[in-house]
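Please read the points below with the sequence and the model side by side.

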Amino acid sequence: MRNETLDYSEYIEIAQGVYWVGFADENMGLHCNPYLVVDEGEAVLIDSGSRDDFSTVMLKILRTGTSPSQIKHLIYQHYDPDLCANIPHMEAMINSDDLKIISHRENNLFINYYSAKSPKLCIEQMGMQFEFASGRRLQFIRTPYSHSPGSFVTYDTKTKVLFSSDIFGSYDYNWHLYTQIDERCIDCLVQEVCPYTNKNCQIEGICNFHKHNMTSKRALIYALEKIEELDISLIAPQHGSILHTSAARKAVIAHLKALINVGIDYFLEEENC
């Protein structure tokens, strides 16, 4: 199994020119996953991470052989601090007047409070895509209210990797970079402990994350249906584990669609118990 030989203190190439440069801590219940995309010397960093994780993220970027000056764009799929808090550190390290931040206009309003230094590009004014000088294209798909008004996901048309932001994220005390979810999980009853591994159920961690963090089931279903239209090789969420098999993606989508109470409905259910 590919998790057994991974060194999480190093960067990990998850697809051609796509690198996980995140931070792993077995004592954390929420893992954050920044991703670096490099094509012919041009680099884009997606959801660069928190302030405390800056040194770890930047060290891994450097170890890929990427110079900070090669990073021309920072993409933020929403505006939470676990994605955006290290923007000032990134700007200082990259140290280029050519650096630009890409997000939705609803997000850029708040991202300016992390830093107003770098120009902000709005995805809706970019034709919902970004193109490298090489022609490699990143496509942006809006997923509003999953979980913020300006939320979106990013699809690399070259590798068919979907950077899914908080969608498919997880609360996880049983964390691996690549998920352990497989075909056995499709019809399995979600429970605290997996009957096959005797470890925390990864499906439960995903379901709990979405019940707490998505605004409503309607918003979640909208996002999932948009994602199902894509030809995907793997899903790389900003939290939790990479869904690298079709069985894992099928199982997670089925369980998320089956959720009854999400967001405000989950809150009201809990309040009335």
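**Notes on the predicted model**

1. Helix α1 crosses α3 in the right-handed sense; a crossing is called right-handed if the near helix is turned clockwise from the far one by less than a right angle, and left-handed if anticlockwise. Helix α1 covers residues 54-63, and the two helices pack at an angle of about 35° with their axes 10 Å apart. Axes are lines fitted to C-alpha atoms, for helices over the stretch in contact, and angles run from 0 to 180 degrees between N-to-C directions.

2. This is a predicted model, in which local features need pLDDT of at least 70 and side-chain atom pairs count only at pLDDT 80 or more, while totals for chains, interfaces and linings use all residues. Residues are numbered from 1 along each chain as its sequence is written, and side-chain values use heavy atoms, with hydrogens and water left out.

3. Which residues make the contact between α1 and α3? From α1 come Phe54, Val57, Met58, Ile61 and Leu62, and from α3 come His89, Met90 and Met93 (contact means heavy atoms within 4.5 Å). Seven of the contact residues are nonpolar, one is polar and none is charged. Here Ala, Val, Leu, Ile, Met, Phe, Trp, Tyr, Cys and Pro count as nonpolar, Asp, Glu, Lys and Arg as charged, and the others, Gly among them, as polar.

4. Helices (H or I, at least four residues) and strands (E, at least two) are DSSP runs, numbered from the N terminus.

5. Strands β1 and β2 (residues 18-20) run antiparallel and are joined by three bridges, with isoleucine 12 partnered by tryptophan 20.

6. Strand β11 (residues 161-165) pairs with β12 in the parallel sense over four bridges, and leucine 162 stands opposite isoleucine 235. Is strand β12 (residues 234-237) covered on one side or on both faces? Both are covered: Leu234 and Ala236 are buried on one side, Ile235 and Pro237 on the other. Buried means under 20% relative accessible area, exposed over 50%, and partly exposed in between (1.4 Å probe, protein chains only).

Terms used: Two strands pair if DSSP finds at least two bridges between them.
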